[in-house]
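Reader: Hi, I'm new to reading structures. Can we go through this one together?

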Amino acid sequence: MILETKGLGKSFGRFAANADIDFSVAQGELRAVIGPNGAGKTTFFNMLSGTTEATSGTIFFKGNDVTKLSGTRRVHIGIAKAFQTANIYPEQTVRQNCRLAALAHKQGAFALEIVRRSERLADVDTLAERAIEQLELTNVADVRSGDLAHGDKKRLDIAIALATQPEILLLDEPVAGMSRDEARKTEALVRKLASSMTVLIIEHDMDLIMGISDSITVLESGRVLANGTPAEIRANQRVQDAYLGGHSEAEMGA
Amino acid sequence: MRVALLTLIGLALFPFFFHAIDGYAGLATQIVIVSIASIGFNFLLGYTGLLSYGHAMFYGSGGYVAALMLIRVMPQHPNLWLAVIGGTLAATALALLVGALAVRLYGIYFALLTLAFAQMIFFVVEQSQDWTNGDDGLQNFPTALLPVGPYTIDLGTPLPALALGPFGNLSDIKLWYVFAAVALLGVILGMRALTRSQFGEVLTAIRENEERSSLIGFNAAAYRLAAFAISGALTGLSGALRALYDGTVAVDAVGIDRSGSFVIYTIVGGVQTLFGPVIGTGLIMYLEAVLSAQISYWRLIEGVIFVAVIIFLPAGIVGTLTRKAAERARQRRALLAESLRARTGGPT
């Protein structure tokens with residue numbers, strides 16, 4: 001198991017956003033985390049990426065307890081995240097966005113490099129270019145990223161995460177707000193990424209989830225409701241009940 | 001290279017403009033020295049967005065420690081290098097200490113915390129009669145000499161006599177100016193390298209998007225602390241040089257007016273520009289020296305200048321000029337491209 005949680009929970013006062021989450025992902029797996037609105041998916045992701053501190057339970061990455069590690073440290077051990085709302089450097093070009101992430105990977109969390117320029121680090125350019133190519137952003141590489149179309153911004157966010165050279169990539173709703181064509185393009189890219197690393201994905205687009213996931217974890221009210229393959233999840237009565245009111249069986253992709 | 005050469009020429013000509021106004025022979029040297037502090041302040045404000053309202057604590061501690069080293073540590077062999085290094089290190093240590101607490105705060109909270117620390121230092125300096133001589137400050141400390149190889153130089157020595165017509169005589173200028181100008185040149189070139197280095201690149205990234213920067217693996221607090229320490233070190237260096245040049249250091253060096261002066265110099269000159277802090281320091285200190293002797297309401301005029309710059313030149317003098325120049329260059333390029341297309345009949 002590359003990533004595992006045991007009894008993971010997050011409470012805000014009396015409200016438990018997540019509780020007792022036992023979760024494990026195998027190396028190379030493409031796992032989806034789904035659930036109705038308010039199920040606690042984003043809180044769960046934030047605890048995995050280290051931006052939210054767990055109030056109970058433990059997170060293991062490759063067998064090591066990383067529960068207390070900051071988000072910054074977790075990037076350096078190989079956990080990277082793309083955000084629900086594209087989180088980029090809008091004033092910088094696409095290339096520079098990816099170069100920064102590659103630079104962080106090369107030099108570590110802090111380096112007093114007050115003379116040397118990053119242009120001197122050949123690897124930084126190589127890693128950045130690779131991320132740009134993998135997300136098919138080559139033709140906009142020199143565009144100021146604040147001027148990109150919505151879909152390109154979301155893909156850039158993934159490219160930034162990728163340029164940190166992660167072993168596991170957390171994608172928070174990678175196709176949210178995209179047109180159908182853009183979403184299909186992004187889906188194909190995610191599928192390709194998943195062939196070389198572990199990918200964890202939160203998404204509302206059920207076609208996408210059912211189409212690309214190896215396995216699915218369903219959260220409801222902050223707890224794990226079910227685990228299984230797409231076919232098992234589709235057939236699970238409790239999952240269907242959880243989605244009733246919000247989603248019909250047809251929407252579940254059955 | 002070009003920047004270095006132009007700065008060198010500017011610094012070489014600068015003191016001769018002061019000949020016209022009698023009695024300000026030392027002002028050029030003071031401006032050059034204080035500019036180093038403004039550059040330090042600007043580095044913090046421009047590259048981290050942190051506005052310190054307590055930089056006098058670094059300026060003052062640099063000055064007091066340099067003076068105390070001459071008085072208490074080496075009265076027999078007053079070494080200028082050691083005094084300057086001591087003052088600078090003391091300011092750096094103080095910056096690391098204050099910064100460790102302050103760099104996690106933002107905006108007004110950061111400004112207020114730095115102000116509070118500076119006021120505490122002010123109080124300590126004012127009350128430590130035995131060490132600092134209280135309100136009167138330290139005077140008459142041994143003249144620090146500058147050992148360079150086999151020579152021992154007294155920076156109070158005038159340059160060789162050479163009549164320069166309307167610009168007076170070369171001997172109006174003391175070696176102190178040359179020393180301070182070389183220090184400023186070094187600081188300017190160092191700052192230019194620093195802001196283009198990996199360190200400067202990461203600081204810019206953190207300033208633009210701290211959340212993303214943390215989640216690609218940059219330790220934002222550590223970077224801000226390092227920037228704060230560098231800023232404090234430069235301000236301390238300036239304070240130490242000023243105390244040694246003036247031959248006196250008093251509580252106003254750690255006072256709130258002193259902290260405010262770096263804010264004014266930098267914003268008038270232009271935040272985030274290389275030369276803005278130097279131009280701002282020169283302009284305001286020059287006006288202050290000339291006007292405050294004749295006009296009792298100089299502070300009011302200074303305030304009006306500050307307000308006018310913020311309203312009409314929000315990027316400061318140098319910032320506005322640079323932007324205008326960049327704008328003109330862009331228009332010229334656009335026109336050129338247009339005419340080329342028209343001539344070659346290419347796509348428009």
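Reader: How do strand 4 and strand 5 of chain A pair, and over how many bridges?
Author: Strand 4 of chain A covers residues 56-61. Strand 4 pairs with strand 5 of chain A in the antiparallel sense, over 2 bridges. Keep in mind that this is a predicted model.

Reader: Which residue is the bridge partner of Phe61(A)?
Author: That is Asn64(A), in strand 5 of chain A.

Reader: What order do the strands of that sheet have?
Author: The order is 2-1-4-5 in chain A. The sheet is open, has 4 strands, and its pairing is antiparallel. The edges are strand 2 (15-25) and strand 5 (64-65) of chain A, each pairing on one side only.

Reader: What holds strands together in general?
Author: Strands of a sheet pair through backbone hydrogen bonds, either parallel or antiparallel.

Reader: Next, helices. Is helix 1 of chain A largely enclosed or open?
Author: Largely enclosed by the rest of the structure, because 8 of its 9 residues are buried. Helix 1 of chain A runs over residues 41-49.

Reader: Which residues of helix 1 are the buried ones?
Author: Among them are Phe44(A), Phe45(A), Met47(A) and Leu48(A). The list also includes Lys41(A), Thr43(A), Asn46(A) and Ser49(A).

Reader: What follows helix 1 of chain A?
Author: Gly50(A) does. The phi of Gly50(A) is positive, near 90 degrees.

Reader: Let's zoom out. How many helices and strands does chain A have?
Author: Chain A has 9 helices and 10 strands. Of its 254 residues, 44% are buried. The C-alpha trace of chain A spans about 60 × 40 × 30 Å along its principal axes.

Reader: What radius of gyration does chain A have?
Author: 18 Å. A compact globule with 254 residues would have a radius of gyration near 18 Å, so the value for chain A agrees.

Reader: And which domains is chain A divided into?
Author: Domain 1 takes 1-78, 169-190 and 197-254, while domain 2 is 87-165. Their C-alpha centres lie 26 Å apart.

Reader: How many residues are in contact between those two?
Author: 12 residues of domain 1 of chain A are in contact with 12 residues of domain 2 of chain A. On the domain 1 side, helix 2, strand 7 (168-172) and helix 6 (180-194) of chain A each give two or more residues. Helix 2 of chain A gives the largest share, 4 residues. By class, that side has 6 nonpolar, 4 polar and 2 charged residues.

Reader: Now chain B. How many helices and strands are there?
Author: Chain B has 14 helices and 4 strands. Its radius of gyration is 22 Å, close to the 20 Å from the globule rule for 348 residues, so chain B is as compact as a globular protein of that length. 45% of its residues count as buried.

Reader: What are the domains of chain B?
Author: Domain 1 is 2-312 and domain 2 is 315-348. Their centres, taken over C-alpha atoms, are 37 Å apart. Domain 1 of chain B gives 11 residues to the contact, and domain 2 of chain B gives 6 residues. Helix 11 (256-269) and helix 12 (276-292) of chain B each give two or more residues to the domain 1 side. That side has 6 nonpolar, 5 polar and no charged residues.

Reader: Last topic, the core. Which residues touch the most other members of the largest nonpolar core?
Author: Cys98(A), Ala159(A), Ala163(A) and Leu244(B) do. This core has 166 residues. Helix 10 (residues 220-246) of chain B gives the most to this core, with 16 residues.

Reader: Leaving aside its neighbours within four places in sequence, what is Ala159(A) in contact with?
Author: Its contacts of that kind include Cys98(A), Ala131(A), Ile132(A) and Leu135(A). Gln134(A) and Leu137(A) are also in contact with Ala159(A).

Conventions:
Residues numbered from 1 in each chain as written. Chains lettered and ligands numbered in written order. Predicted model: local features only at pLDDT ≥ 70, side-chain atom pairs only at ≥ 80, totals over all residues. Rg over C-alpha atoms; globule rule 2.2 N^0.38 Å. Buried ≥ 20, exposed ≤ 12 C-beta atoms within 10 Å, placed from the backbone. Core = buried A, V, L, I, M, F, W, Y, C linked by C-beta atoms within 7 Å. Contact = placed C-beta atoms within 7 Å. Domains from an automatic or database assignment. Nonpolar A, V, L, I, M, F, W, Y, C, P; charged D, E, K, R; others polar. Pairing = 2+ DSSP bridges.
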